[in-house]
Amino acid sequence: MSPGSPLARIPVRVEQRPAAAATGTIGGGVAAILTEIATLLERLAATGESAAIDLRSLPMSPSDRERLTQALGRGEIDIVLHADGDSSIRETGVQGVWWTEYRDCDGEVLAAFIEITRVPEILIVPVGELTRGAVQLREMARTAAAPQGESTRVTI
Amino acid sequence: MSTPAAELRASLAPEESAMESEQRLAGAMRGFAREVGALSALRLESCIHCGICAEACHFYVATEDPKYTPILKVEPFKQVFKREASAFAPIYRWLGLKRDISVAELEEWQHLLYESCNMCGRCSLICPMGIDVAALIEQARRGMFEAGLAPKELYEKAARQQRTGQPEETAEPYREKLLAIGRQFGVSIPLDAPQADVMLTVSRTDIEQYPKAVASLARVMAHLEVPCTFRSDGLIAENYGYYAGARDWQRDISRRLIDQAIACQAKVLIVPECGHAYSVLRWQAAELYGAPLPFEVRHITEYIAEALDGGRLKLRPADAGATAFHDPCMLVRKSGVMEAPRKIMRALGIVPNEMTHHVGFDYCCGGGGGVVDIERAAKLRYRAMENKLREIDDTMARTFLTSCSDCRRTFDDAKRHFDWEKTPQSLLELVADHLQEQAR
Amino acid sequence: MSRSDPQPTIGELLDRNGVSRRAFVKYCTAMASVLALPPLAGRAMAEQLRAARRPSVIYLSFQECTGCLESLTRSFAPTIESLLFNVISLDYDDTLMAAAGQQAEEARAQAMKANYGKYLLVVDGSVPTGEGGVYDCAAGRSALDILTDCARGAAAIVCVGTCSSFGGIPFANPNPTGARAVSDIIRDKPIVNVSGCPPIAEVITGTLLQYVTLGRVPELDAHLRPTVFFGNSIHDRCYRRPFYDRGQFAKSFDDEGARSGWCLYELGCKGPTTYNACATVKWNGGVSFPIESGHPCLGCAEPDFWDGGSFYSPIPTPRWGKAGEVRPAQAAELAVGAAVAGAVIGAGSVLLAGRRTRHLQGPEQDSHEKKEE
Amino acid sequence: MDLVNFARGPALKAAFIFFFLGVAWRLINVLLLMHRRDLSEPRRSMASSLLGGLKAIGSRSWPHPEFIPRTGAGEALGYSYHIGLFLVILFFAPHVAFFGSFVGLHWPTLPNSVTTIISVITFTLLLAVLFRRVTHRVLRRLSNFDDYFSWFVVTLVIVTGLMATAHVGGPYPTVLGLHILSFDLLLVWFPLGKLMHAFYLFPTRAIDGYLLTRRGAPS
């Protein structure tokens, strides 16, 4: 948009949300979430029970969310899930706390969670899949022995 | 023990007890209906039942019995108004939402309107809505009178006064008594002068009980050298028609005085030390008469205060000691005679020890509104006035003054009943005793 | 399009179509999030769904603008849309289906016959009942006729959009076609209303998914709407709510308040009386919703929203019946008129009171004089 | 929304008309009743009597000092809930939108937290007022249906209003509808019962204040 265009004459102002006070201190909402995560971690350690916090259900301003990600930090594991779009599962700076974002093919976030678990369950392959994989491999071994034109693409 | 019905009959005049229920009801309706007007309607409509008026009424304060709540005393009047003349009256009647008043109710209210109300007007001052409750009570009494429920003491006095000019039959007519008082106290009594600037009237109570007050009036007037006269045919200032609630009789009684004042071309009619007589003549007579009065009505204390102001009168200091003054309700709250008695007291060198409640807010003596005349009311009246007596005692006054013969009579009665040590004295008498002869 | 029994399970279909387990869990987890279920419920939902069989769906369009279907087709990304069609078997939709005319009608008849008592009927649009229903006909039959016919064998009916749910815009005053909501016509079937003009795509798909997962109609509110989506008012979940509570309101669309993102209540926002998921699910894949874009909520998910007065007058604004909103001059006129009428009646009552009191007073004569005689 | 639309639509219109009709009816009835001219000689001039009437409007708002020990608490209770009612009625944002649309004006509002607190206090005071009416010997003796029903109607508006604010007792539109309906009921009841004192208050104070001042009596 060139400065002379009529659009430029429309006054535009970036909306500042009330919660986004630039004080630099951690807002009450962020502190509450951190406390909740700590409680859930303690429970995981004691009983082995996993939990997750749906970020959609938390009314957070973008700056709050920014503070939360900064507080949790980055960990050692980054997983990308290629299933109908690239979803990310990242360990945060706190082990056992994962930041999960499911995205669609356009990269739009479908759902975002903080998971408190040893390993995010979506990564664990169930028994049915294992046996199915075994069947597939045996089939491949059998067909590999026979002459073959083109390879079969396998979706996992 | 007599039954309430028998007691009620005994409290009524023979003409009244002879009335049938229907006559009573019709009478009450007639009386109330006559009192319905814009002003009474506004007052009746405004009440929010806050109950605050009870706190102003010495009958309630003394007994804490809610039936003595002032506004409750006009309930039958209110009921008739709502049912007959209020905005929704036709609907109320059609749907039967407001009951008709009953004879039983009227009979019950006789006690509330006559025996437990001095019409002192204290409730009118406390009402947060600004309702003149006392004015409504006066109107309600008029309905009760038409219902034949005025106590016999008031009814008979009113009837006689209307007929003869004297509330009571006396062996010697008041005219003669008046002249006798003049002889007794050595003052000349100007009587039946064909023409005088000032017409004087006399209180029946003074004639009967306090002759010195009558003589004092004559003495003060003589001292002032104003052409004045009593009139044989318009002598008595009191108006029992007002007390009884007999509107027409009240008018006739007032008219007697008005006619006499006109006859002698008086410019001023002086009411002696009597509260209700003043209030009736000053504020109600013209309306009942149907025209403005062609003369001024003045209370004797007002007249004296005016003379003091004009320098026509000088008083010697009175050796009264600590003094308390009782403001008669009918003079202050109903009539605005607030400053005159104090001006007079100042002239006498008296600085009164005021009671807790004084001037416009003082408690009634308990005798006003004709209550002191009603035999049945005595017990309750004594109870109600105890507080007043305490307030007077609390002033530590030696001298106790007032400017109303009815109040004076009530306090004298209390003196007997309670063995009370104070004697109520007349301010007028004190003035008469301290006239300063002027150098001429 | 119809299948013969026994139908394969959804899981089998997914495998057959090459949709991975993780993709499906991901989808279900996202759905669970939309449905405000606990985050870990997505996995259980995925398991349940995989085991379920696809219900046959017949989608009827009546007096409508196709906005609802437009919204529905924008649900998530195309892949997910295909997922949706793996979850249900859309056997009839005259807008979407390739077949037309006789062929289409036959497909519907066949699906109804094969799945009698089990198929899900989705209705979009109100049903005109005026003049025998002539205002909406397809294949020579009125909408009313088609609806009653299709409803007979339905397991449940899902009304998509405010028109089928509550009558919507066709139902608005003066309702020339005699439009009715489906629930006004069909009374013996479970009905789920997914209102909105249009409904949020995810709310439509979510409701269908919920139905398939549960195998029955979900929990509904008084207007038969699924409480998971319609349980809260826009106002309750609105990010501008703090401004409302503080009494900070935009007074016009170009004032400081509007620019500062203050509450739009005084500009007519119907958020407080509107129950929908706009403030949480939002639109276009969670990009925004009307209030976030600076416009008050119109209340489109509520019955009679079109007749509820101006979109730009606050909720408590008085409305004089069907005539519209009260204007000060009109209110004054009405008040004065009523007061004048009252004054006339009052004057009449005074006359009556006067007659009454005169009557009670009897002939004008001094009462005491009578007594004295 | 059906209930809200009914409450703020036909019901409100009917109540609005009834209110003005009824109020005018009652006021005119009082106004046109016979009035006798006061023929007595006034003690004070017309001007100062009129001034006395005006003064009484203000001065009767609070008891004369002589009466305060006996009546102060009762009057304070009465005034405090009236003040609470006026604050909430006039300064709660949705109320401003409502009343403002009648007169085409808008005025500043109070934050919701403030109006909510005031409403709760006012409601508590109303409960105290009822308790007092039931237990105080004079009030109990004086009270009739009008007193209790007027209390009920006013309290109903407050309670439904608080319910709408607090989101209890049903979906917000239903409770809002009930709130507006209860206000409609208040409008209808207004000219029928003691709520009319709002219109009588100043005239009565002024007229009796005028008459007393005319006599030179305290008012």
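Okay, some housekeeping. Residues count from 1 along each chain as its sequence is written, and chains are lettered from A, with ligands numbered from 1, in the order in which they are written. Since the model is predicted, local features need pLDDT of at least 70 and side-chain atom pairs count only at pLDDT 80 or more, while totals for chains, interfaces and linings use all residues.

Let's start with chain A. There's an open sheet of five strands here, in the order β1-β5-β4-β3-β2, with antiparallel pairing. Strands are DSSP runs of E with at least two residues, and helices are runs of H or I with at least four, numbered from the N terminus; two strands pair if DSSP finds at least two bridges between them. β1 (51-54) and β2 (74-82) of chain A each have a single partner strand, so one side of each has no neighbour in the sheet. Inside the sheet, β3(A), residues 86-92, and β4(A), residues 97-103, are joined by four bridges, and A:I89 stands opposite A:T100.

What packs on this sheet? Helix α2 of chain C, residues 21-34, does, touching β1, β2, β3, β4 and β5 of chain A. Its direction makes about 90° with that of β5(A); such angles run from 0 to 180 degrees between N-to-C directions, with axes fitted to C-alpha atoms, for helices over the stretch in contact.

Over in chain C, β7 (residues 154-160) runs parallel to β9 (residues 191-194), with four bridges between them. One pairing to look for is C:I157 with C:I191. Is β9(C) covered on one face or on both? Both: C:I191 and C:N193 on one side, and C:V192 and C:V194 on the other, are all buried (20 or more other C-beta atoms within 10 Å of a residue's own, C-beta atoms being placed from the backbone).

Now the cores. The largest nonpolar core has 207 residues, and B:C53, B:M144 and B:V271 have the most contacts inside it. By nonpolar core I mean buried Ala, Val, Leu, Ile, Met, Phe, Trp, Tyr and Cys residues joined through C-beta atoms within 7 Å. Helix α2 of chain D, residues 10-32, gives the most to this core, with 15 residues. A second, separate core has 117 residues, including A:V97 and C:L120.

Last stop, chain B. The axes of helices α18 (residues 300-309) and α20 (residues 340-347) come within 8 Å and cross at roughly 50°. The residues making that contact include B:I304 and B:L308 of α18(B) and B:I344 of α20(B), contact being C-beta atoms within 7 Å.

Technical notes
A residue is buried if 20 or more other C-beta atoms lie within 10 Å of its own, exposed if 12 or fewer, and partly exposed in between; C-beta atoms are placed from the backbone. Two residues are in contact if their C-beta atoms, placed from the backbone, lie within 7 Å.
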